[in-house]
Amino acid sequence: MKETRIYYVEKWAKFVCEHSDKEWSAMQKELIDSQIENAEQVKLTKEQVAQMRNP
Amino acid sequence: MVKFKVIDGVVNVDKEITKLDEFTLGVLDIVKKYADYLIISGYVSIFFGRARATEDVDIFIKNLPYAAFKQLYDESVNKGYEWTIDNSHELYFEYLKNKTPVCIWRKSFPLLRIEMKIATKPSQLIQFQDRIAVKFKGNEFFMANIESQIAYKRYIAKSDKDLADARHLELVFEQIDQAKIGHYRKLFEAEL
């Protein structure tokens, strides 16, 4: 399982090294921004976040 | 791109800016006026291309007087940020000075935060002498050097996520100094 994870990490790192900054970072941006946008929709309060982190 | 390269302590990056980068740069714009800082941990790997997000951006700051911290706190609150607690005195004396990290986030979005603590250990302080400057879209900000982050993640933190972060950094940077990784490994292990 660990080997599989590292395999994909290495594959992505190779992609980063072999493609233009514009190309890999557009893909990374989509991944990161969509996760943040989804999280923003939830509209948690700081108390709820604190509870999630320290149940 | 080929690989990232640190030249004379500086690495130039020309990538798309993410919402995570925007948030981080917004906070650092305030922090840098009042404290020496450096970014550590997951965001270092993510900034340099790792395909994952995070909810926390970790930074060390150098010790600073309360008056400076209060200015930092006041300016950030005026600009729409919120802290672990709404009391600068308590944040400084009960948290930071007691080696407890404090968090700052955009008032409307507490899930994404900067986690800040004062560097006190030798291995933390030495990273300020060895930090790298990142030049990105007209901004300059500071990160721990790449070898220290590989050493910490591979030999100290060691979770699957940390090992993956370390491997990513090792692959996307040119001229990784293995001796330096070993040096930082010893520093970190001596403090366990």
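## A walk through chain B

B:Lys158 sits in the loop between H6 and H7 of chain B. That's a handy place to start in this predicted model. The residue isn't a glycine, yet its phi is positive, at about 60°. What makes B:Lys158 count as exposed? The reason is its neighbour count: B:Lys158 has 12 C-beta neighbours inside 10 Å, so it falls in the exposed class, for which the cut-off is 12 or fewer.

There's another lysine to look at alongside it. B:Lys137 also has a positive phi, near 50°, in a residue other than glycine. You'll find B:Lys137 in the loop between strand E7 (132-136) and strand E8 (139-143) of chain B. With 11 C-beta neighbours inside 10 Å, B:Lys137 counts as exposed.

From H6(B), the contact is made by B:Glu147, B:Ser148, B:Ile150, B:Ala151, B:Tyr152, B:Tyr155 and B:Ile156. H8(B) answers with B:Lys180, B:Ile181, B:Tyr184, B:Arg185, B:Phe188 and B:Glu189. Sort the residues of this contact by class and you get 8 nonpolar, 4 charged and 1 polar.

Helix H3 (residues 66-78) and helix H4 (residues 88-95) of chain B cross at roughly 130°, and their axes come within 9 Å. H3(B) is therefore oblique to H4(B), and the crossing is right-handed. On the H3(B) side the contact uses B:Tyr66, B:Phe69, B:Lys70 and B:Tyr73, while H4(B) brings B:Ser88, B:Leu91 and B:Tyr92. By class, that contact holds 5 nonpolar, 1 polar and 1 charged residues.

Let's zoom in on one of those residues, B:Ser88, which belongs to helix H4 of chain B. Which residues does B:Ser88 contact, leaving aside its neighbours within four places in sequence? They are B:Phe69, B:Lys70 and B:Tyr73, and these three are among the H3(B) residues in the helix contact. B:Ser88 is partly exposed because 18 other C-beta atoms lie within 10 Å. As for B:Pro101, 13 residues away along the chain, its C-alpha atom is separated from that of B:Ser88 by 13 Å.

For some strand geometry, turn to E2 (residues 37-40) of chain B. B:Tyr37 and B:Ile39 point one way, B:Leu38 and B:Ile40 point the other way, and all are buried. E2(B) pairs with strand E3 (residues 56-61) of chain B in the antiparallel sense, over 4 bridges. Within that pairing, B:Leu38 stands opposite B:Phe60 in E3(B).

Finally, look across to the other chain. Here 23 residues of chain B are in contact with 27 residues of chain A. On the chain B side, the elements giving two or more residues are helix H1 (19-34), strand E6 (109-118) and helix H7 (160-172). Which element gives the largest share of that side? It's H7(B), with 6 residues. The residues of chain B's side divide into 12 nonpolar, 8 charged and 3 polar.

Terms used:
Residues are numbered from 1 along each chain as its sequence is written. Chains are lettered from A and ligands numbered from 1 in the order in which they are written. This is a predicted model: local features need pLDDT of at least 70, side-chain atom pairs count only at pLDDT 80 or more; totals for chains, interfaces and linings use all residues. Two residues are in contact if their C-beta atoms, placed from the backbone, lie within 7 Å. Ala, Val, Leu, Ile, Met, Phe, Trp, Tyr, Cys and Pro count as nonpolar, Asp, Glu, Lys and Arg as charged, and the others, Gly among them, as polar. A residue is buried if 20 or more other C-beta atoms lie within 10 Å of its own, exposed if 12 or fewer, and partly exposed in between; C-beta atoms are placed from the backbone. Two strands pair if DSSP finds at least two bridges between them. Axes are lines fitted to C-alpha atoms, for helices over the stretch in contact, and angles run from 0 to 180 degrees between N-to-C directions. Angles under 35 degrees count as roughly parallel, over 145 as roughly antiparallel, 65 to 115 as roughly perpendicular and the rest as oblique. A crossing is left-handed if the near helix is turned anticlockwise from the far one by less than a right angle, and right-handed if clockwise.
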